[in-house]
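Here's a quick briefing on the pockets in this one. Have a look at the structure first, then read on.

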Amino acid sequence: MLNRQEIGEGLLSFFFPQYCVNCKKYIAESAGYPLCKKCEEMIRKDISPCCLVCGRPLLSNRQTLCRRCREKPFSFDFARAVTLYEPPIKNAIHAFKYRKILSLKILFMHLFFEYLSSNPFYHDIDGVLPVPLHPSRLREREFNQAEILAQDISKFLQKPLMHKAVTRKKKTLPQVGLSMKERRLNLQGAFQVEDEKFIAKKKILIIDDVLTSRSTVDSLAMVLRGAGSQTIFVLALATGK
Ligand SMILES: [Zn+2]
Ligand SMILES: [Zn+2]
């Protein structure tokens, strides 16, 4: 028979998994989410040098823009990510998104708030817009990870959450493995502005979890531009190399 304390501990580890999602070691002193201190200290927050426009990491600081930005400008003003998409943060994002370990949001918010506090120009916006998910994907996944992050960022910045201003109309294929042209076609007509008055002449901060090719946030920004947005910033938790 289990005693009361053991039952209590069992319940606690059910709600707060005690094994690190990165190194899989047992966490004796949990911060409320399953990433151990050692792994958390490994998260790289400095991704310079990076492209001044899209925030993609650059190999050297001889150039200020990446090749993509020199050849074909994006529709947003600039994009940045708080960390690099590599372990341990990569494993934490996977656990959050696909294993639904939602307590990891506490860690992600620490990272976002730290970043936003040292970059005060993000406070000069009119609203926070999470990248919308298509309703059928939302049903599959049960939550929109970008919206969960954007909710707390909107509270932190004390700016409205614009989650109803734009919807995703088309069920797009996963972008992985598609060429640049295929990505563009795949995303054509994907987003629709529901109410222009929330968008026109506004400074908008788009929130996403991971930036890879940036084609999704680019086509979202293109639609916002079409509806008359003044400034479009993008902020993500992590960026691919
Ligand atoms: Zn660990
Ligand atoms: Zn760039």
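Predicted model: local features only at pLDDT ≥ 70, side-chain atom pairs only at ≥ 80, totals over all residues.

Residues are numbered from 1 along each chain as its sequence is written, chains are lettered from A and ligands numbered from 1 in the order written, and side-chain values use heavy atoms, with hydrogens and water left out.

**Second largest pocket**
- α8 and α9 each give at least two lining residues, and α9 has the largest share, with 5 residues.
- By class, that lining splits into 6 nonpolar, 4 polar and 5 charged residues.

**Largest pocket**
- About 790 Å³ of space lies in the largest pocket.
- Its lining has 32 residues, with Lys97, Arg141, Pro174, Gln175 and Thr216 closest to the centre.
- Two or more lining residues come from each of α4 (89–98), α6 (135–141), α8 (180–187), β5 (203–211) and α9 (215–226).
- β5 gives the most, with 4 residues.

**Terms**
- A pocket is an open set of points on a 1 Å grid over the protein atoms alone, where a 1.4 Å probe fits, with protein on both sides within 12 Å along at least five of seven lines; lining residues have an atom within 4 Å of a point.
- Grid points are joined across faces, edges and corners, and a volume is the space filled by probe spheres set on the points.
- Helices (H or I, at least four residues) and strands (E, at least two) are DSSP runs, numbered from the N terminus.
- Ala, Val, Leu, Ile, Met, Phe, Trp, Tyr, Cys and Pro count as nonpolar, Asp, Glu, Lys and Arg as charged, and the others, Gly among them, as polar.
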